[in-house]
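Here is a short report on one protein model. Keep the structure in view as you read, and find each part as it comes up.

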Amino acid sequence: MTRVLYLIACAAGPTQYVDDGVRAAQADGWDVCLILTPSAASWWEPRMQELVDLTGHPVRSRYKLPWEKDALPKADAMLVAPMSCTTLNKWGAGISDTLAIGLPSEGVHMGVPVVAMPYFNRAQGAQPAVARSIAALRGQGVLVLDGPDGYQMHPPKQGEPKAYPWTSALAGVRRLVGA
Ligand SMILES: Cc1cc2nc3c(=O)[nH]c(=O)nc-3n(C[C@H](O)[C@H](O)[C@H](O)COP(=O)(O)O)c2cc1C
């Protein structure tokens, strides 16, 4: 049976092209379920149906209501990419006020392989909270791809969101799940 990957995307530049990430993961053999932060979902609102059609699943961006059933199959792995500076720091501080943080923050403590690859500039990354948050995630077993094997922070105003290295993120997932 095809394994399920939760691709969790924040409101960071490459999310404008998150369909590229979905296609790359599907080409890697994953059944992809897409989860967006509420801010990221607002970027895609006019074209959300395209993502539903591409993945074959509902695109989740909010916690379900107490009486609603799970809309997605169980995850075999989770990839948070692109991870924004805001989501990184909230997650690192233990704040899971979005479904996009709630799923991986609990998942990693339930044995689900979790990979996170950031996308933000060096000025954002210079905040002391960023290094603390990355260490907090690594300490919990999250594979954070913030160096040469993943995403290297760009100088302010020089990002290339369309060139986000989805293949590096997926290689990290492959490494972690032992595929
Ligand atoms: C057009 C636009 C592009 C942005 N790009 C980034 C980005 O690349 N990285 C980042 O960390 N934040 C970026 N931000 C700021 C985030 O969207 C903002 O911090 C937001 O609160 C993130 O919330 P989320 O992590 O829940 O998606 C951008 C904002 C806008 C409006």
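E1, helix H1 (residues 18-27) and E2 make a right-handed β-α-β unit. Right-handed has a set meaning here: with the strands pointing away from the viewer, the path from the first strand over the helix to the second runs clockwise. Helices (H or I, at least four residues) and strands (E, at least two) are DSSP runs, numbered from the N terminus.

This is a predicted model: local features need pLDDT of at least 70, side-chain atom pairs count only at pLDDT 80 or more, and totals for chains, interfaces and linings use all residues. Residues are numbered from 1 along each chain as its sequence is written.

## The overall build

The protein has 8 helices and 5 strands. Along the sequence they follow the pattern β-α-β-α-α-β-α-α-β-α-α-β-α. The radius of gyration is 15 Å, close to the 16 Å that the globule rule gives for 179 residues, so the protein is as compact as a globular protein of that length. This radius is taken over C-alpha atoms, and the globule rule is 2.2 Å times the number of residues to the power 0.38.

The C-alpha atoms fill a box of roughly 40 × 35 × 30 Å, taken along the principal axes. Of the 179 residues, 41% count as buried. A residue is buried if 20 or more other C-beta atoms lie within 10 Å of its own, exposed if 12 or fewer, and partly exposed in between; C-beta atoms are placed from the backbone.

## The sheet

In what order do the strands of the open sheet stand? The 5 strands run E2-E1-E3-E4-E5, and the pairing is parallel. The edge strands are E2 and strand E5 (143-144), and each pairs on one side only. Two strands pair if DSSP finds at least two bridges between them. Strands of a sheet pair through backbone hydrogen bonds, either parallel or antiparallel.

Now walk across the sheet. Strand E1 (residues 4-9) pairs with E2 over 6 bridges, in the parallel sense. Val 4 has Asp 31 in E2 as its bridge partner. Leu 5 has Val 32 in E2. E1 is also joined by 4 bridges to strand E3 (residues 77-83), again in parallel. Here Tyr 6 stands opposite Met 78 in E3. E3 and E4 run parallel and share 4 bridges, and Leu 79 stands opposite Val 115 in E4. Strand E4 (residues 114-118) then meets E5 through 2 parallel bridges. Ala 116 stands opposite Val 144 in E5.

## Buried strands

Are the residues of E3 buried or exposed? 7 of the 7 are buried, so E3 is largely enclosed by the rest of the structure. In E1, 5 of the 6 residues are buried, so this strand is largely enclosed too. Strand E2 (residues 31-36) is mostly covered, with 5 of its 6 residues buried.

Start with Cys 33, in strand E2. Cys 33 is buried, with 24 other C-beta atoms within 10 Å. Cys 33 and Leu 5 are 28 residues apart in sequence, and 6.2 Å apart in space, C-alpha to C-alpha.

Now find Pro 161, in the loop between E5 and helix H8 (166-177). Pro 161 is partly exposed, with 14 other C-beta atoms within 10 Å. Pro 161 and Thr 98 are 63 residues apart in sequence and 23 Å apart in space, C-alpha to C-alpha.

## Around the ligand

There are 15 residues around the ligand, and Ala 11, Ala 12, Thr 37, Ser 84 and Phe 120 come nearest. A residue is near a molecule if its C-beta atom, placed from the backbone, lies within 6 Å of it. Helix H2 (38-44) and helix H4 (85-92) each supply at least two residues of this shell. H4 gives the most, with 3 residues.

Which classes make up the shell? The shell has 7 nonpolar, 8 polar and no charged residues. Ala, Val, Leu, Ile, Met, Phe, Trp, Tyr, Cys and Pro count as nonpolar, Asp, Glu, Lys and Arg as charged, and the others, Gly among them, as polar.

## The recorded domain

UniProt, in an unreviewed entry, places the feature "domain: Flavoprotein" at residues 7-118. UniProt positions are given in the numbering used here, feature names are shortened, and annotations may be inferred rather than shown by experiment. Over residues 7-118 the chain is 38% helix and 19% strand. The end C-alpha atoms of residues 7-118 are 13 Å apart.
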